[in-house]
Amino acid sequence: MIGALEEIRDYYETQNKALQKTHRSDKMLDEIIPLIGQIFGIVPIVLGFISFQAKTSRGIIFWQLTTTLCFALHYLMISAWAGVAINLLAAVMGVAYYFRDKAGKSGIFLPILFSVLGVILTLLTAEAWYAVFLLTGLLINTLSFALLPPKGVRYAMLVKGPVTALYNVFAFSIAGIVYETVIFISSVVGLIRYSRAGKIKKGN
């Protein structure tokens, strides 16, 4: 009888040690994966800069699509679920716009469709209240290109950048903060150049 009890005790002690070891391994993974995600964030930043240098529409869509998918993976590793969903949607959106423009079509159907999908995905995946900043950035980006003239789009991007960066601050996405900051600065520079070019034309 005593031998049987000792065997039962030894069994439960072995199981308990195995559970503790598994718990430590899970805790280590929970700490390592976000760190890997932050380091991996360098990849979409570099790819994004490459997309700015692309000369053909096919090259632009390829590099932007790759950038967006890498950002989705980055957000996945840091558990920013709204970032994952919105970037996957943005990837689909980019491909849809590419084929729409290639077919010589336009309209507000796709912008409205993707705006509605963005709201739904944000409601389903938002990890916290600050996901609204990312949704706002998506809506500004989607609707401005469909409804505003080029100059209006440039002004809209001045709002989109900081709003999206706010999400990245709360989600602690270093890559997202850096990327959106560069986009914002680029938009400011582009707007200044656009304004100067307009003044020169008027002067002539």
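I am working from a predicted model, where local features need pLDDT of at least 70 and side-chain atom pairs count only at pLDDT 80 or more, while totals for chains, interfaces and linings use all residues. Residues are numbered from 1 along each chain as its sequence is written, and side-chain values use heavy atoms, with hydrogens and water left out.

Thr67 has a relative accessible area of 4%, so I put it down as buried. For contacts I took heavy atoms within 4.5 Å. Leaving out residues up to four places away in sequence, Thr67 touches Pro44, Leu47, Gly48 and Tyr179.

Val46 belongs to helix α2, residues 42–53, and its relative accessible area of 42% makes it partly exposed.

**Whole chain**

I counted elements next. The protein chain has eight helices and zero strands, and along the sequence I read α-α-α-α-α-α-α-α. Of its 204 residues, 33% count as buried. Among contacts with a separation of 6 or more, 64% come from residues 24 or more positions apart. Areas are from the Shrake-Rupley method with a 1.4 Å probe, and for residues only the protein chains shown count as cover. The accessible surface of the chain comes to about 13,000 Å², and 70% of that belongs to carbon and sulfur atoms.

**α5 against α6**

How do α5 and α6 pack, and at what angle? I get about 175 degrees, with the axes 9 Å apart. The axes are lines fitted to C-alpha atoms, for helices over the stretch in contact, and angles run from 0 to 180 degrees between N-to-C directions. My cut-offs are under 35 degrees for roughly parallel, over 145 for roughly antiparallel, 65 to 115 for roughly perpendicular, and oblique for the rest. α5 and α6 are therefore roughly antiparallel to each other. I listed who meets whom: Pro111, Phe114, Ser115, Gly118, Val119 and Thr122 on the α5 side, and Ala131, Leu135, Leu138, Leu139, Thr142, Leu143 and Ala146 on the α6 side.

**Nonpolar patch**

Then I went looking for patches, which are built from residues with over 30% relative accessible area and no salt bridge, joining like charges within 9 Å and nonpolar side chains (Val, Leu, Ile, Met, Phe, Trp, Tyr) within 5 Å. One nonpolar patch on the surface is formed by Ile108, Phe109, Ile112, Leu113, Val116, Leu117, Ile120, Leu124, Leu143, Leu147 and Leu148, with about 1,000 Å² of accessible area together. The elements giving two or more residues to it are α5 (109–125) and α6 (131–147). α5 gives the most, with seven residues. I picked out Leu147 in helix α6, and at a relative accessible area of 58% it is exposed.

How many salt bridges did I find? The count comes to one, taking a salt bridge as a side-chain nitrogen of Lys or Arg within 4 Å of a carboxyl oxygen of Asp or Glu. The pair is Glu180 and Lys160, with the closest N and O atoms 3.5 Å apart. It links distant parts of the chain, Glu180 in helix α8 (residues 174–203) and Lys160 in helix α7 (residues 150–171), 20 residues apart. I noted that both Glu180 and Lys160 are buried.

Arg154 is also in helix α7, and at 30% relative accessibility it counts as partly exposed. The C-alpha atoms of Arg154 and Gly190 are separated by 7.9 Å, and the two residues are 36 apart along the chain.

**Positive phi**

Phe172, in the loop between α7 and α8, has a positive phi of about 55 degrees although it is not a glycine. At 54% relative accessibility, Phe172 counts as exposed. I also flagged Ser79, in the loop between α3 and α4 (81–102), with phi near 60 degrees. Ser79 counts as partly exposed at 38% relative accessibility.

How values were computed:
Helix = DSSP H or I, 4+ residues; strand = E, 2+ residues; numbered from the N terminus. Buried < 20%, exposed > 50% of the residue type's maximum accessible area, 1.4 Å probe, protein only.
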